Amino acid sequence: MGEVIDRLRVDNGIARHAPTFIALRRDIHQHPELSFEEHRTSALVARHLRDWGYEVFTGIAGTGVVGRLKKGQGGKTLGLRADMDALPIQETTGLPYASQHPGVMHACGHDGHTAILLAAVRFLAEEGQFDGTLHLIFQPAEEIGAGAKKMIAEGLFERFPCDAVYGLHNWPGVRAGHLGCVEGPAMASIDYAKVTITGQGGHGAEPHRAVDPVLATAHLITALQSVVSRNVDPLEMGVVTVGSIHGGVAANVIPDSVELRLTARSFKPEVRAVIKERVPALAKAQAESLGAHAEVDFQNGFPPVINHPRETAFARDVARDALGDDFVDPHFRPRTASEDFAYLLQARPGSFLFLGNGDSASLHNPRYDFNDAVLAPAAAYWAHLVERYLS
Ligand SMILES: [Zn+2]
Ligand SMILES: [Zn+2]
């Protein structure tokens, strides 16, 4: 009974201000800002946090903001993170609150993540019952995988200790408001490679006088699919995707070179290492077998999101109480997309959760929109988590 009354107190407290935060979310949506340029968003977050009585620290990793609220004498500390940046995409939703900045769009729902956390922290400041220190981490530059790392490098966890850290991402195609908790690997590591195959250009009618980089590239693209099928342990996950190929301008001209760009994903460091070793080796060998030459620029992106078992079990428990069993998917599967929350989980225990966005366009799609119906339930969830963790 106590649990039910408690749940109503939080839910009602959040629901009362839900329209304000939906309006705020749409305001952020109208004014999207690219990675490390979140000046307006960051100022808006800082202003609200100050208004609600938080200690506010700005300028961490440029546009990053941390809010601190301490209640009681408890020594426990907790961090909640929201990301704030948008993407270089031209919005085509046609919504009344569509982006006012040409070529920039909140196509990943970070406007929603920011508004969810603000809704939760307003309630926690005004009516929240907890004993300890809460740190709100409003992070810049998630989309380029740089913000989390930079905040940590600038002393995030030394200045703002967190016994545990949590974050969430909305997920299109998952029933609205449903929460997914995944123990262990939850999202993949991400790496990139640029491969330049150089031959010797010539007349398309006289291939015997040229070294054809197009043919070498064709062989390489096929061969690259053997990395996952023949080098990675069949019981593990790996992805190698060639997403870009550029070379040549005319049907009857053999070009000097062709450029490929690929991305690689995995959950485990062993798999990541296999891909990093095999892609350049194959590129060089394939090119040389046809008289061409390959240059490979392999760029490490960021590590996989590995959720800590204890903190994930706790998050799932809270979700069952706060949202009800029907809204918690016990079999939610890991995703092969990537998130720089990975760095926060390397530094501190915690968990990264998935929040159903319903039947919307996919993330990074020009028609995507965050589902405002999940804002209040998700904010209530954060509030429950804080009250339970800092009790
Ligand atoms: Zn994104
Ligand atoms: Zn995102």
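Lysine 70 has threonine 133 in strand E4 as its bridge partner. This is a predicted model, in which local features need pLDDT of at least 70 and side-chain atom pairs count only at pLDDT 80 or more, while totals for chains, interfaces and linings use all residues; side-chain values use heavy atoms, with hydrogens and water left out. Residues are numbered from 1 along each chain as its sequence is written, and chains are lettered from A and ligands numbered from 1 in the order in which they are written.

Strands (E, at least two residues) and helices (H or I, at least four) are DSSP runs numbered from the N terminus. Two strands count as paired if DSSP finds at least two bridges between them. Strands of a sheet pair through backbone hydrogen bonds, either parallel or antiparallel.

Strand E2 (residues 64–71) and strand E4 (residues 132–139) run antiparallel and are joined by seven bridges. Arginine 68 has histidine 135 as its bridge partner in E4, and glutamate 55 stands opposite arginine 68 in E2. E1 and E2 also pair in the antiparallel sense, over five bridges. Three residues lie between the strands in the hairpin of E1 and E2, where alanine 61 takes a positive phi near 55°. Buried means under 20% relative accessible area, exposed over 50%, and partly exposed in between, with a 1.4 Å probe and protein chains only. Six of the eight residues of E2 are buried, so E2 is largely enclosed by the rest of the structure.

These strands belong to an open sheet of eight, with mixed pairing and the order E1-E2-E4-E3-E5-E16-E6-E15. Strand E1 (55–60) and strand E15 (328–329) stand at the edges, each with a single partner strand, so one side of each is left without a neighbour in the sheet. Helix H11 (residues 375–389) lies across E4, strand E3 (77–83), strand E5 (164–171), strand E6 (179–180) and strand E16 (350–356), and runs at about 160° to E3. Contact means heavy atoms within 4.5 Å; axes are lines fitted to C-alpha atoms, for helices over the stretch in contact, and angles run from 0 to 180 degrees between N-to-C directions.

Next come the metals. Donors are N, O and S atoms within 2.8 Å of the metal (3.2 Å for Na, K and Ca); water is not among the atoms, so sites may look incomplete. Cys108 (SG), His110 (NE2) and His169 (NE2) coordinate the zinc ion (ligand 2) at 2.1 to 2.3 Å. Along the chain, the donors of this ion follow the spacing C-x1-H-x58-H. Cysteine 108 bridges the zinc ion (ligand 2) and the zinc ion (ligand 1), which lie 3.1 Å apart. Cysteine 108 is buried, with a relative accessible area of 6%, and histidine 110 is buried at 0%.

On a 1 Å grid over the protein atoms alone, a cavity is a set of points where a 1.4 Å probe fits but cannot get out, and a pocket is an open set with protein on both sides within 12 Å along at least five of seven lines; lining residues have an atom within 4 Å of a point. The largest pocket is lined by 18 residues, with Glu143, Ile190, Phe302, Ser338 and His364 nearest its centre.
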